[in-house]
Amino acid sequence: AAFCSPHSCSFCRQFCASLSFCTAAHGCTPSLHLETAPSLCSLGRPAACMTLWPAARRLASSSAAAMRPLKVGVVGAGAVGTYFGVRLAELGHDVRFLVRKRHDAPERLGVTSWQGDFVLEHPTIVRDASELGDDLDWVLVGLKSTALERENVLRDLLEPCVSSNTRVQLLMNGLGAEEKAAEIVDAKRVHGGLVYGGLSRRGFDVDHAGVPCAIHGGSFVDDEAELAAAERLWTPVDRDKPAGAVAYVPQPCLLLAQWSKLAWNVPFNGCTVLAAGADVGALWRDAAGRDAAVAVMREVCRAANADLAARGSAASLDEEAVVAKLSAVTDDMADVNYVPSTTKDFREGRRMEVEAIFGEPLRRARAHGVATPRLEAMAALLRVANDRVAPII
């Protein structure tokens, strides 16, 4: 909290516990929050900023004492689904994992992290979504967004295991997954989440490295009570908070949080792939590469603000502030030759998440009449590269 302005509201000061940087103008509008991995938030509604966090905190704390273990089904038990599912089990929740039939059922699932290790012995493994049960409190979806390129995948996974009381937490990159989920379950019960922290599979186990593992999560309909329910999910049931517990950072406006992350991901994931799989350092140290990335970043900010306005949100991204802050973040990433996830997929011959990270932002820009010629060219070229490197079979 040492970075907070003395005029910061309680919402901003709470965020400082999880974010590495926080500045706020008088009255907290606009405010800019920057996490170790790029995440920006420029809020245009001071009332929401000043009242949402304390209200959610009260709702969450009032029920914590009588909290029962929640029943959670994990769909997409790759690195993301396994890591967060195991961490939920560590908190005392009843977690079941959907593992595809082509894999043997693991007798243990372990996570290793500099924050703390944990091994879940004899995990509950099912082979079909219907076997997850019809009494789930939450379904955690850790699919890679490329899975949604196949028709009805999300519907086939969710419909057999969700009831009228089940909430769905998506942990997927880009835009569009929450809208698809809201066609299947009540939109009020759909949550999105942005994952921070490097996760990699090792057999059935998952390793975490890099920044502290966190979920910046929000309600699809920006419902205050739903944020409190999500915080309960990441609260220990009957034990002290473990060292490796995941930090859940509630987002008052989920769409703003998503666009904020895309303001970095779109230019740098895309430009590094198109630069023959270069790392961020090689791109950023080249003057032309730097200019290209910043130009795309500006287009993303304009598309974001048009999309937010079309959804009736007063929140927005301050284009100049975004460029300044993300340029500073990229200076640090360049020093360690960081390789974005999309670029790793390209290098290793895996299908890239082109539609969620590039295609959907472009579609929304077009729908709102925002010219994004660089993003348009980037998306077209990445689609060609995707189909050459890892075509859909």
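Guide: Let us start with Q169, which has its place in strand β9, the run of residues 167-170; please keep in mind that this is a predicted model.

Visitor: Which residues are in contact with Q169, once its neighbours within four places in sequence are left aside?

Guide: Q169 is then in contact with W138, V139, L140 and V141, with H191, G192 and G193, and with Y248. Contact here requires heavy atoms within 4.5 Å.

Visitor: Turning to helices, why is α7 called oblique to α10?

Guide: The axes of helix α7 (residues 254-274) and helix α10 (residues 319-335) cross at roughly 55 degrees and come within 11 Å. Angles under 35 degrees would count as roughly parallel, and those from 65 to 115 as roughly perpendicular; the crossing angle of roughly 55 degrees therefore makes α7 oblique to α10. As for handedness, α7 passes α10 in a right-handed crossing.

Visitor: What classes of residue make up the contact of α7 with α10?

Guide: On the α7 side there are A263, W264 and F268, which meet V322, L326, T330 and M333 in α10. The contact of α7 with α10 has six nonpolar residues, one polar residue and no charged ones.

Visitor: How do α12 and α13 pack, and at what angle?

Guide: Helix α12 (residues 354-367) packs against helix α13 (residues 373-389) at an angle of about 145 degrees, and their axes are 10 Å apart. The crossing in which α12 passes α13 is left-handed. The contact is made by V354, E355, F358, G359, P361, L362, R363 and R366 of α12, together with L375, E376, M378, A379, L382, R383 and N386 of α13. By class, the residues of this contact of α12 with α13 divide into eight nonpolar, two polar and five charged; G359 is one of the residues of α12 in the contact, and Gly is counted as polar.

Visitor: Finally, how much of the whole protein chain counts as buried?

Guide: Of its 393 residues, 56% count as buried, and the chain holds 13 helices and 12 strands. Its accessible surface comes to about 16200 Å², with 52% of that belonging to carbon and sulfur atoms. Among contacts between residues at least 6 apart in sequence, 70% join residues at least 24 apart.

Key. Residues are numbered from 1 along each chain as its sequence is written. This is a predicted model: local features need pLDDT of at least 70, side-chain atom pairs count only at pLDDT 80 or more; totals for chains, interfaces and linings use all residues. Side-chain values use heavy atoms; hydrogens and water are left out. Axes are lines fitted to C-alpha atoms, for helices over the stretch in contact, and angles run from 0 to 180 degrees between N-to-C directions. Helices (H or I, at least four residues) and strands (E, at least two) are DSSP runs, numbered from the N terminus. A crossing is left-handed if the near helix is turned anticlockwise from the far one by less than a right angle, and right-handed if clockwise. Buried means under 20% relative accessible area, exposed over 50%, partly exposed in between (1.4 Å probe, protein chains only). Accessible areas come from the Shrake-Rupley method with a 1.4 Å probe; for residues, only the protein chains shown count as cover. Angles under 35 degrees count as roughly parallel, over 145 as roughly antiparallel, 65 to 115 as roughly perpendicular and the rest as oblique.
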